[in-house]
Amino acid sequence: MAIDVKKIEEHIRGILEALGENPDREGLVDTPKRVAKMYEEVFEGQNYSNDEIAEMFGTTFEEDFYVSEDSREMVMMKDIDIFSHCEHHLALMYNMRVSVAYIPKERIIGLSKIARISDMVGRRLQLQERIGSDIAEIMQKVTKSEDVAVIIEGEHGCMTVRGIKKTNAKTVTTTLRGKFKTDETLYNKLILQLFR
Ligand SMILES: [Zn+2]
C-alpha cells in the first residue's frame, strides 16, 4: 500500500491547530507538505513486506559467490547505522547501530545489501525487537541460511526527551536464529567479534 501523502498533510495541519497554532502563518504554511514529504521518505519501508524487501535486495548476485563446505565461516557486518521510529510514540529511534552475522550456506551476499536491508527495515513504524526479527527473517530468505544473528543498539526519543528522560540509556536487543541459538562456541565467537 502506497503512503497517502495528502492525508498526512491534512492531519499535520490538524495537529498544528490542536497545538493552538495558526497553520496559515508564514513559518507553518508549508509545514504539513514538508512533514508529509519527510514521512514518505522516512517511512518508505511501510510500502514493502519482508518478502518484497528480500526480493529487492536479494535477486542480483553479480558480486556473490558460492561457498564450499569447509569454508562456511561466520560473516559479520558491524555497526550499520540506521534510524527508525517507535510505533508507540512515533518518536525517533536514533544512534542505532546494527550488526548482522550469518553462516553462509550456498552463497555470500554483498555487504552493501545487508546495509540496505537494515536501512529499509528501519523505515517503518517499529519496535527495536522487531527490527531485529525482520532483518533476521529477510537475511534467512536472501541467504537461504537458517543461521543469522542481529544485534542492535539504539537510543529512543520516547525514552530520552519525555517520560523518565534517561538521556544516556541505550537499548540493546539480540536476535538469534539457527546455530547462533544452539551452538555456544559460535555464540561466543559472535560476542568476541562484536566487541573487538
Ligand atoms: Zn516509544
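Along the chain, the donors of the zinc ion follow the spacing C-x2-H-x68-C. In this predicted model, local features need pLDDT of at least 70 and side-chain atom pairs count only at pLDDT 80 or more, while totals for chains, interfaces and linings use all residues. Residues are numbered from 1 along each chain as its sequence is written, and side-chain values use heavy atoms, with hydrogens and water left out.

The protein donors are Cys86 (SG), His89 (ND1) and Cys158 (SG), which lie 2.1 to 2.3 Å from the zinc ion. Donors are defined as N, O and S atoms within 2.8 Å of the metal (3.2 Å for Na, K and Ca); because water is not among the atoms, sites may look incomplete. Accessibility is classed by relative accessible area: buried is under 20%, exposed is over 50%, and partly exposed is in between (1.4 Å probe, protein chains only). Cys86 is buried at 5%, and Cys158 is likewise buried at 12%. His89, by contrast, is partly exposed, with a relative accessibility of 38%. The structure holds zero disulfides, a disulfide being a pair of cysteine sulfur atoms within 2.5 Å.

A pair of aromatic rings is described by the distance of the centres and the angle of the planes. Rings of Phe, Tyr and Trp (its six-membered ring) pair if their centres lie within 6.5 Å; planes under 30 degrees apart count as stacked, over 60 as edge-to-face and the rest as tilted. One aromatic pair is found by this rule. The pair joins Tyr39 and Phe43, whose ring centres are 5.1 Å apart and whose planes stand at 80°, so the arrangement is edge-to-face. Tyr39 is partly exposed at 22% relative accessible area, whereas Phe43 is buried at 8%.
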